[in-house]
Amino acid sequence: MRSTHQARLPANRTARAIVKGSVLAASLVCGSAANAALSFTFDYSTNTAGVGFDDAVSGAARRAALDTAGVRFSAMFGTFFSNDANIVLTATSTFNPGGPGLASAGTAIFYQPDTVFGVSEVVRNKLVSNGANDINGGANDGGVSVNWGAGWELDPDAPAIDPLNDFYTAVYHEFTHALGFLSQTNLNGTSPFDDGTSVADGGTGIFGTWAKFDQYLTNCAGTSLIDTGTGLTNLALYTPAITSAVCFESAEAGSVKLYTPAVYAPGTSVSHLDKVDGNETALMKYDLGTARVYNTDEVNIMTSLGYTRLAIAVPEPGSIALLLAALGGVAVARRRKA
């Protein structure tokens, strides 16, 4: 799946999320989706009247579909992890028939200079702390956007006629990006939050500019691309690796190959699994697939990002098992590319 969550919003330091810095107030029209420990609240208030999630004919069905996706994703996530928090996402709409960017999602970034990777990620910090570390207070935690120009199949139990149209697989993928399966690296080795004062060093040296995900980026030979002691990019290794071979390497995950096409693709490169080593059908691979459940590599990566793993069996990489008992009989459906 290709994700196009590269919005640059320097005013409130939010990146790779469709987030406008809006505050959820009591009067906002929201829908809630709760299941197990993780739950979502969707804020639809910024949609243009009569358009998208507020469309006079289709708006109610679209909101219901996103709520259902939140419930079912929550059940899937809760099969693997015990983390407990309500995540508030701004839900917005686009309309671009046949175009790129079918869906996107991400976390708000509340920039904090610190010595810890991922300290500024709102969604991940809130969820891994079970709601205790809500670093942006009452503001929305992130965002999700859907292109309603696509012919989405909104019935969660009906296989999509076209593999590009499975709404639920697409949204699960995007929710996972919002939870932290996402790099904050640029082609030149900086972060989107680098102030530009030390580009020659490959970053600011401030860990708050990097995602937790970036802590585990290597050249697939065991050497970190971002120095975990200084927070600066090792450009001698990073520059050739970013368009050839980058791995996510951690104690939990081992070494997992990430997607690094020869031509760097903003929002796609590094933030997805490569289709190798059993990840040919993974939920978080870079193009269309069929999975609606995490495989071993994905669970291990999320564990490395700080999520509290339950002691259960995990599907092997490439598995498309849907854990029907946990998910209430969700049927396998092919998915679209975003």
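**Strands, rings, core and disulfide**

Q: How many bridges join β6 to β7?
A: β6 and β7 run antiparallel. Strands (E, at least two residues) and helices (H or I, at least four) are DSSP runs, numbered from the N terminus. Two strands pair if DSSP finds at least two bridges between them. For β6 and β7 the number is 5.

Q: Which pLDDT do side-chain atom pairs need in order to count?
A: Numbering starts from 1 along each chain as its sequence is written, and side-chain values use heavy atoms, with hydrogens and water left out. This is a predicted model: totals for chains, interfaces and linings use all residues, local features need pLDDT of at least 70, and side-chain atom pairs count only at pLDDT 80 or more.

Q: Which residue of β7 is the bridge partner of T94?
A: β7 also pairs with β5: 6 bridges join them, and the two strands run parallel. For T94, the partner in β7 is N147.

Q: How many residues of β7 are buried?
A: β7 covers residues 142–147. Buried means under 20% relative accessible area, exposed over 50%, partly exposed in between (1.4 Å probe, protein chains only). In a regular strand the side chains alternate between the two faces of the sheet. Here G142, V144 and V146 point one way and G143, S145 and N147 the other, yet all are buried, which gives a count of 6 of 6.

Q: Which backbone nitrogen does the side chain of N147 reach?
A: N147 lies in strand β7. At 1% relative accessibility, N147 counts as buried. Its contacts (heavy atoms within 4.5 Å) include T94, F95, P100 and W152, leaving aside neighbours within four places in sequence. At 2.8 Å, the N147 side chain reaches the backbone nitrogen of G149.

Q: Is the aromatic pair of F81 and Y307 stacked, edge-to-face or tilted?
A: The structure holds 24 aromatic pairs. Rings of Phe, Tyr and Trp (its six-membered ring) pair if their centres lie within 6.5 Å; planes under 30 degrees apart count as stacked, over 60 as edge-to-face and the rest as tilted. For F81 and Y307 the centres are 6.0 Å apart and the planes stand at 55°, so the pair is tilted.

Q: How many residues apart are F81 and Y307?
A: F81 sits in the loop between α1 (59–80) and β5 (85–94). Y307 sits in the loop between α5 (296–304) and α6 (324–327). The pair links distant parts of the chain, with a separation of 226 residues.

Q: What is the relative accessibility of Y307?
A: F81 is buried, with a relative accessible area of 1%. Y307 also counts as buried, because its relative accessibility is 2%.

Q: What is the angle between the ring planes of F117 and F207?
A: F117 and F207 form an aromatic pair, 5.0 Å centre to centre. The pair is edge-to-face, and the angle between its planes is 80°.

Q: Where in the chain does F207 lie?
A: This pair links distant parts of the chain, 90 residues apart. F117 is in the loop between β6 (103–107) and α2 (122–128). F207 is in the loop between α3 (167–178) and β8.

Q: Which residues touch the most other members of the largest nonpolar core?
A: A nonpolar core is a set of buried Ala, Val, Leu, Ile, Met, Phe, Trp, Tyr and Cys residues joined through side-chain atoms within 4.5 Å. The largest one has 62 residues. The members that touch the most others are L66, F73, F77, F167 and Y294.

Q: Is the disulfide of C220 and C247 right-handed or left-handed?
A: The structure holds 1 disulfide (a pair of cysteine sulfur atoms within 2.5 Å). It joins C220 to C247, S to S 2.1 Å. The torsion about the S-S bond is about 100°, so the disulfide is right-handed.

Q: In which strand does C247 lie?
A: C220 and C247 are 27 residues apart. C220 is in the loop between β8 and α4. C247 is in strand β9.

Technical notes. A polar contact is a pair of N or O atoms within 3.5 Å; within protein, one must be able to donate a hydrogen and the other to accept it, and residues adjacent in sequence count only if both atoms are side-chain atoms.
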